[in-house]
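Subject: Structure handover

Hello,

Please find the structure below. My notes on it follow.

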Amino acid sequence: MEPFSIDSKTSLLCLIGWPIRHSMSPIMHNALLQKLKLNYVYLAFNVKKEGLKPAIYGIKALDIKGVNITIPHKETIIPYLDEIDPLAAKIGAVNTIKKNSGVLIGKNTDAEGAKKSLIDAGCTLSGRNVLVLGAGGASRAVCFALTDEVDKIFIANRTEKRALSLAKQINKKTDAIAEGYSNKKAVLETLISNSQILINTTPIGMHPTTDELPLPENLLHEDLFVFDVVYNPLKTKLLKKAEEKGCRILGGLDMLVNQGALAFEWWTGKTPDTKLMKTKILDYLEETNVR
Ligand SMILES: NC(=O)c1ccc[n+]([C@@H]2O[C@H](COP(=O)([O-])OP(=O)(O)OC[C@H]3O[C@@H](n4cnc5c(N)ncnc54)[C@H](OP(=O)(O)O)[C@@H]3O)[C@@H](O)[C@H]2O)c1
């Protein structure tokens with residue numbers, strides 16, 4: 001591929017968050033921009049909590065066209081936006097901003113990306129009970145994405161009160177039935193026997209702690225569809241054990257690509273080549289030895 005030709009008309013897309021040095025977003029987006037010969041560049045900026053407000057002034061002043069938002073700003077960014085789409089408003093978290101004639105609009109493509117990944121993988125959502133492990137940012141996106149689709153959402157978390165709080169918010173803002181629990185073995189045992197879908201949204205099993213499982217292996221049963229949002233490694237220990245049990249499995253790579261693709265399409269109006277995005281991520285993971 002030819003290198004970017006940056007000139008005085010080049011527009012900027014970026015990611016803000018902290019820490020962001022592990023992010024795959026610059027790799028995916030710059031590959032797409034290059035392929036489609038769009039005169040943009042995508043950069044990642046390390047912005048800590050106290051830097052958010054000045055960063056927003058910068059986005060406006062420098063006419064940055066599109067921004068991805070990551071930890072720790074997904075919720076705190078909302079008061080700075082002029083508009084927010086209904087799903088992001090329900091979730092209470094934004095991961096993508098588009099600047100349109102000076103107006104900052106927020107969306108949550110993590111949620112849409114997660115749902116698309118499950119549907120594309122052939123996972124039936126309607127009438128199913130889902131057990132979601134974890135109650136952080138990824139859990140919030142995944143749970144809200146599924147509220148219109150599944151029957152019940154069981155959220156099990158190390159800190160039980162976070163699971164209870166997320167379930168309460170879901171029940172308040174949607175028609176879904178969500179319940180919050182601890183992640184104690186006996187609790188998980190009951191929940192998983194009543195679930196057809198298991199989603200891990202904790203970082204357990206992520207590089208470098210690849211030998212860990214987010215729940216005891218013997219709780220897995222063959223009727224489960226198991227989705228792990230972790231993408232490094234591509235096949236976590238949880239997915240390997242689930243596959244051995246005969247479960248259908250899905251890793252986090254598709255969610256990562258889909259959330260990026262939805263953002264890219266929104267910013268540029270161009271359909272992204274998701275195969276290229278995946279290849280770039282796989283090459284990167286190969287180079288950094290975390291596949
Ligand atoms: N595929 C994708 O596109 C995608 C998108 C977003 C995130 N992710 C991945 O999802 C994972 C979580 O990200 P996040 O943003 O949701 O993080 P987060 O907001 O920090 O939430 C982490 C959750 O995992 C729980 N947890 C963490 N360590 C644990 C442990 N040792 N034992 C039990 N529970 C533990 C936390 O429990 P407490 O409440 O008790 O602390 C919390 O509920 C990361 O691996 C991230 O890379 C993937």
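In which loop is the place of Asp-63? Asp-63 sits in the loop between α2 (52-61) and β3 (66-69). Please keep in mind throughout that this is a predicted model.

Backbone

I started with Asp-63 for its backbone: its phi is positive, at about 55°, although Asp-63 is not a glycine. Most residues other than glycine have a negative phi, and most peptide bonds are trans. On the second point, two peptide bonds deserve a mention. The bond from Trp-18 to Pro-19 is cis, with omega near 0°, and Pro-19 belongs to the loop between β1 (11-17) and α1. The bond from His-207 to Pro-208 is also cis, with omega near 5°. Pro-208 is in the loop that runs between β10 (197-200) and β11 (225-228).

Helix packing

Two packed helices are described by the angle between their axes and the distance between the axes.

Take α1 and α10 to begin with. Helix α1 covers residues 25-35 and helix α10 covers residues 274-287; they pack at an angle of about 135°, and their axes are 9 Å apart. On the α1 side the contact is made by Ile-27, Met-28, Ala-31, Leu-32 and Lys-35, which meet Leu-276, Met-277, Lys-280, Ile-281 and Tyr-284 of α10. By class, eight residues in this contact are nonpolar, two are charged and none is polar.

Next come α4 and α5. The axes of helix α4 (residues 109-120) and α5 cross at roughly 65° and come within 8 Å. This crossing of α4 and α5 is right-handed. Asp-110, Ala-111, Ala-114, Lys-115 and Leu-118 represent α4 in the contact, and they meet Ala-141, Val-142, Ala-145 and Leu-146 of α5. Sorted by class, the contact has seven nonpolar and two charged residues, and no polar ones.

Helix α5 (residues 137-146) also packs with helix α6 (residues 160-173), at an angle of about 30° and with the axes 11 Å apart. How are α5 and α6 oriented to each other? Angles under 35 degrees count as roughly parallel, so α5 and α6 are roughly parallel to each other. The crossing of α5 and α6 is right-handed. Here Ser-139, Arg-140, Cys-143 and Phe-144 in α5 meet Leu-166, Gln-169, Ile-170 and Lys-173 in α6. This contact of α5 with α6 has four nonpolar residues, two polar and two charged.

Ligand

How many residues surround the ligand? There are 21, and the closest are Ala-135, Ala-138, Asn-157, Thr-159 and Arg-162. For Ala-135, a backbone N or O atom lies 2.8 Å from an oxygen atom of the ligand. For Ala-138, the corresponding distance from a backbone N or O atom to a ligand oxygen atom is 2.7 Å. A polar backbone atom of Gly-136 is 3.4 Å from an oxygen atom of the ligand.

That is the end of my notes.

Regards

Technical notes: Residues are numbered from 1 along each chain as its sequence is written. This is a predicted model: local features need pLDDT of at least 70, side-chain atom pairs count only at pLDDT 80 or more; totals for chains, interfaces and linings use all residues. Side-chain values use heavy atoms; hydrogens and water are left out. Axes are lines fitted to C-alpha atoms, for helices over the stretch in contact, and angles run from 0 to 180 degrees between N-to-C directions. Helices (H or I, at least four residues) and strands (E, at least two) are DSSP runs, numbered from the N terminus. Angles under 35 degrees count as roughly parallel, over 145 as roughly antiparallel, 65 to 115 as roughly perpendicular and the rest as oblique. A crossing is left-handed if the near helix is turned anticlockwise from the far one by less than a right angle, and right-handed if clockwise. Contact means heavy atoms within 4.5 Å. Ala, Val, Leu, Ile, Met, Phe, Trp, Tyr, Cys and Pro count as nonpolar, Asp, Glu, Lys and Arg as charged, and the others, Gly among them, as polar. A residue is near a molecule or strand if one of its heavy atoms lies within 4 Å of it. A polar contact is a pair of N or O atoms within 3.5 Å; within protein, one must be able to donate a hydrogen and the other to accept it, and residues adjacent in sequence count only if both atoms are side-chain atoms.
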